[in-house]
Amino acid sequence: MRIEDSVTRGPGLDILVDGRVVPAFGGETLATTLIAAGISAFRDDSRDRPRGLFCNMGTCCECFVRVTVPGRAARDVRACLTLVAAGMAVELARHD
Amino acid sequence: MTEPSVFDLAIVGGGPAGQAAAEIAIANGLSVVMFDEQQRLGGQILRQPPVGFAVARWMQGRAYRGVAAQLARATALTAIDWRGGTSVLGLFKRADGFDIVANGPAGPASAVATRVLIAAGCYDMPVALPGWTTPGVMGAGAVQAFIKSQQFLPGRRFVLAGTHPLQLLVADQVRRGGGTVVAVIFAQSAAAAVARVLADPLTAVLNASTLASAAVSFARLRWAGVSVRFGTTVARAEGRARLSSVTLQNCVASGPTGRTAGVLNCDTLALCFGFLPQADLPRATGCTVERDPATGGWATTHDAWLRSSIVGLFVAGETTGVAGADCALEEGRIAGLGIALDAGRLTVAQADAAARAPRARLARRRKFAAMLADIASPAAIVPQLIDDTTIVCRCEDVTRGQLRAAMASRGGPGGASSLKLVTRAGMGLCQGRSCEQAVMTILGETGRPAGFTARFPVRPVAVADLI
């Protein structure tokens with residue numbers, strides 16, 4: 001849930017998450033954009049149980065997702081440290 | 001400004017300690033490069049909104065006044081070569097200083113410096129309990145960072161559970177951001193916390209502003225009708241794709257009783273049992289560290305000028321043991337003076353004179369930090385929340401039961417590193433930061449706790465960026 005009171009965000013932009021269009025704002029981290037879109041599980045573990053972010057500061061690495069931006073090869077990144085960008089495509093490691 | 005081929009000082013961490021040291025180093029004519037994984041200066045205590053956001057009334061609380069003033073001064077220091085969004089992967093000693101191997105938004109971002117200061121801060125203590133890998137369970141610091149920087153609530157219905165008074169501030173920030181705080185749950189009794197304050201009233205009075213911030217948050221939560229419970233802790237988290245409820249249990253001085261004390265429906269559980277130093281970089285570099293008896297984790301040992309056991313490598317702030325932003329600020333100042341002293345920019349007499357006031361303030365704040373650590377001690381609680389089905393190592397999905405079985409089948413426990421080879425616990429992307437405490441506790445049940453061997457790289461990096 002984005003806090004609206006007394007906050008002005010960067011320009012709106014869209015990213016793709018597993019092929020689905022997800023709205024974002026410039027300056028947001030990928031973790032924020034995903035959770036705001038109702039995506040709390042970023043991957044499934046070896047027992048097929050969903051996993052989400054724990055630390056939100058780059059320490060736990062639970063928010064690893066695969067990201068492609070135009071003109072660059074796909075990279076595995078920590079969603080909590082990665083800023084969204086126009087044209088960004090995200091692959092989650094979910095099995096359902 | 002052209003980048004020097006060798007910086008006089010590289011600082012890892014843009015929080016209060018790093019900022020204070022940078023200010024003093026620059027004032028003494030040293031060139032400074034600063035690395036931080038966040039895009040902007042501030043550290044976790046002052047996680048700034050991104051460039052492009054405008055936030056009226058950002059971080060105006062009394063508790064932030066000192067560090068906010070420091071941030072304003074540090075931001076004005078154009079001489080800092082700021083490397084935001086950059087992860088330091090390792091430090092390597094060379095004859096005349098250190099190679100700093102780092103990775104930034106555009107790939108490798110390494111540098112060379114004569115001296116290094118590690119002021120890497122701390123992180124939410126990971127607390128393994130049944131269901132803690134359910135999406136929506138996170139550290140209280142994670143929730144707070146979303147609010148401070150992203151102006152975002154990572155859920156709608158929040159339960160905060162732990163032992164640390166910080167959860168009052170976070171709950172208050174959640175509520176003011178428009179979220180519902182279902183309850184704030186302290187494992188210890190209110191009487192025990194009050195008794196600890198009353199046992200040292202002078203320290204309490206001298207640090208009244210911090211206590212007042214917690215008291216104001218507590219009062220605001222109560223006026224808003226938020227339930228604040230003591231003597232209760234979380235037993236397990238339930239849900240699949242997202243947290244749906246938490247089950248509570250009663251807690252006494254010796255720990256959780258195991259008796260169920262209700263169920264709360266929520267989509268976010270913020271755990272707040274304390275913090276651990278980010279110790280991977282000093283450990284991987286070979287610094288002498290010791291187990292922090294008060295808060296857990298590894299504190300890097302140092303001398304009176306914050307020199308670590310490695311020549312030219314300084315430490316400050318939570319890297320020396322978790323004690324809060326005010327202590328970090330003073331340690332950063334003392335480290336900055338120590339660095340200027342070793343660089344020949346100050347005499348011993350000058351450095352001593354300049355360090356007198358920071359040292360006096362540090363001594364006072366450390367007493368208060370010790371009081372807080374006593375009040376918030378998770379030692380009797382956290383080890384008892386786990387059961388054999390609980391995942392301990394989140395990266396490799398290793399349960400406590402698997403760890404215990406491995407220990408039994410090998411005819412007795414070795415250290416954490418040998419257990420890692422057998423079970424893969426600690427072998428994942430987080431390098432054991434999430435599971436080491438729990439693994440050591442499990443080993444400690446049979447008497448020989450020792451930590452993992454910290455290795456390069458301390459943050460994940462693509463192989464292509466290293467070669």
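The model is predicted: local features need pLDDT of at least 70, side-chain atom pairs count only at pLDDT 80 or more, and totals for chains, interfaces and linings use all residues. Residues are numbered from 1 along each chain as its sequence is written, chains are lettered from A in the order in which they are written, and side-chain values use heavy atoms, without hydrogens and water.

Start at the interface. Here 44 residues of chain A are in contact with 57 residues of chain B (contact: heavy atoms within 4.5 Å). The buried area is about 4,200 Å², with 52% from carbon and sulfur atoms (buried area: accessible area, 1.4 Å probe, that two parts lose on being put together, summed over both). On the chain A side, A:Met1, A:Phe54 and A:Met57 lose the most area to chain B, together 20% of what that side buries.

Four salt bridges cross between the chains (a side-chain nitrogen of Lys or Arg within 4 Å of a carboxyl oxygen of Asp or Glu). B:Asp465 forms a salt bridge with A:Arg75, with the closest N and O atoms 2.5 Å apart.

A:Arg75 also touches A:Val65. A:Val65 touches A:Leu30, A:Phe42 and A:Val90, among others.

Finally, B:Ser149. B:Ser149 counts as buried because its relative accessibility is 5%. Its side chain reaches the backbone oxygen of B:Gln48 at 2.9 Å. B:Ser149 also touches B:Pro49, B:Pro50 and B:Phe53, among others.

Terms used
Buried means under 20% relative accessible area, exposed over 50%, partly exposed in between (1.4 Å probe, protein chains only). A polar contact is a pair of N or O atoms within 3.5 Å; within protein, one must be able to donate a hydrogen and the other to accept it, and residues adjacent in sequence count only if both atoms are side-chain atoms. Lists of a residue's contacts leave out its neighbours within four places in sequence.
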